[in-house]
Amino acid sequence: SAPEVIRVRAARGTDVPVFVRADGVVPDVVTLRFEESGATLDVPRGGPESFRTVVPSVQDDLTVRVTGGDDDRGVPRIEVQVLQPPDLAAIAFLVTPPAYSGLEPTYAADVTSVRALAGSSVEVHVAPAPPGARGVARTFPDDAEIALADGTFPVDDSEGAEGNGARPTLPSLRFERTVVDPLRFRFELVDASGLKNPDPALFGIEVFEDAGPEVLLLSPTRTDRAVVAGSAVPLRALVRDDL
């Protein structure tokens, strides 16, 4: 005999397909009744004895009863438990430019991309939710996998300590790269129950080259000049560099 309760687990935001098979005199329509909201959904026949539909993008737990024809018992009852899939609670970039540049390291949090001088070392930290979620970073569009190591989510030293001087600490997943080319990547997470983050965002590191210095001679304007011994010749030049 059919069970009185069918229990289903689904990640938040996913679609839940519903399949109903009727025995005996098959009705033209079966009705789904959602107990929490009181809403109903009529599902027309999709085959000789079958009815199919989809409950789109479930956000909260659902209890559904199915009735049709002369069967108004609402048995079995369908209980959908909605689970929160893993996600990124926070992201931070630490960019350390090459020493010759004289540029200071920079920190950026809750952004989707940063700019870095070619040759910079870039640390990328993500705080997963729940904290025990694991995962990898996957580059785009070449689909290469970057392993993630355990770390501690960094804070911006320029903001100063909070309260009594203690800083909050969050576990993070991290990777580090010395960048010479632009990098695009996503984070693919999975929690202890096997749920995956359904819509990984795309992040990036923009890389710019160190352009050479420019020297523009302003004076003298001629390429040769006759002078007497002991003369002073003023030289003026405009010198520019991107760094």
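Predicted model: local features only at pLDDT ≥ 70, side-chain atom pairs only at ≥ 80, totals over all residues.
The hairpin made by β12 and β13 has five residues between the strands.

Strand β12 (residues 134-139) is also joined to β16, in an antiparallel arrangement with six bridges. In this pairing, R138 stands opposite R186 in β16.

## Loops around β12

In the loop between β11 and β12 lies P130, and the bond from A129 to P130 is cis, with omega near 5°. In the loop between β12 and β13 is P141, and the bond from F140 to P141 is cis, with omega near 10°.

The loop between β12 and β13 also holds D143. D143 is a residue other than glycine, yet its phi is positive, near 65°. With a relative accessible area of 48%, D143 is partly exposed.

D110 has a positive phi of about 55° and is likewise not a glycine. Its place is in the loop between β9 and β10. D110 is exposed, with a relative accessible area of 59%.

The largest nonpolar core has 22 residues, and the members that touch the most others are F93, V122, V124, F175, F185, F187 and I205. At least two residues of this core come from each of β8 (87-96), β10 (113-117), β11 (121-129), β15 (171-178), β16 (183-190) and β17 (202-208). The largest share, four residues, is supplied by β16. A second, separate core has 19 residues, among them V16, V26, V66 and V82. In soluble globular proteins, nonpolar side chains tend to be buried together.

Apart from neighbours within four places in sequence, I205 is in contact with F93, V114, A116, V122, V124, V179, P182, L183, R184 and F185.

## S101, a buried serine in a loop

S101 is located in the loop between β8 and β9 (106-109). Its relative accessibility is 11%, and so S101 counts as buried, the cut-off for buried being under 20%.

The side chain of S101 has polar atoms close to the backbone of two residues in this stretch of sequence. A polar atom of this side chain lies 2.7 Å from the backbone oxygen of P98. The backbone nitrogen of L103 lies 3.2 Å from a polar atom of the S101 side chain. Leaving aside neighbours within four places in sequence, S101 is in contact with L117 and L243.

## Y107 in strand β9

Y107 belongs to strand β9. The relative accessible area of Y107 is 25%, which makes this residue partly exposed. Leaving aside neighbours within four places in sequence, Y107 is in contact with A92, F93, L94, F153, P154, V155 and D156. One of these residues, P154, is also reached through its backbone oxygen, at 3.1 Å from the side chain of Y107.

Among the contacts of Y107 is F93, a residue listed with those that touch the most other members of the largest nonpolar core. V215 is 108 residues from Y107 along the chain, and the C-alpha atoms of the two are separated by 33 Å.

## The chain as a whole

The protein chain has 19 strands and zero helices. Its radius of gyration is 32 Å, well over the 18 Å that the globule rule gives for 243 residues, so the chain is more spread out than a compact globule. Along the principal axes, the C-alpha trace spans about 120 × 50 × 30 Å.

Of the 243 residues, 32% count as buried. The chain exposes about 15,400 Å², and carbon and sulfur atoms supply 52% of this area. Among contacts between residues at least 6 apart in sequence, 62% join residues at least 24 apart.

Methods: Residues numbered from 1 in each chain as written. Heavy atoms only, no water. Core = buried A, V, L, I, M, F, W, Y, C linked by side-chain atoms within 4.5 Å. Buried < 20%, exposed > 50% of the residue type's maximum accessible area, 1.4 Å probe, protein only. Contact = heavy atoms within 4.5 Å. Pairing = 2+ DSSP bridges. Polar contact = N/O pair within 3.5 Å; in protein donor to acceptor, adjacent residues only side chain to side chain. Rg over C-alpha atoms; globule rule 2.2 N^0.38 Å. Areas by Shrake-Rupley, 256 points an atom, 1.4 Å probe, with all protein chains shown as cover.
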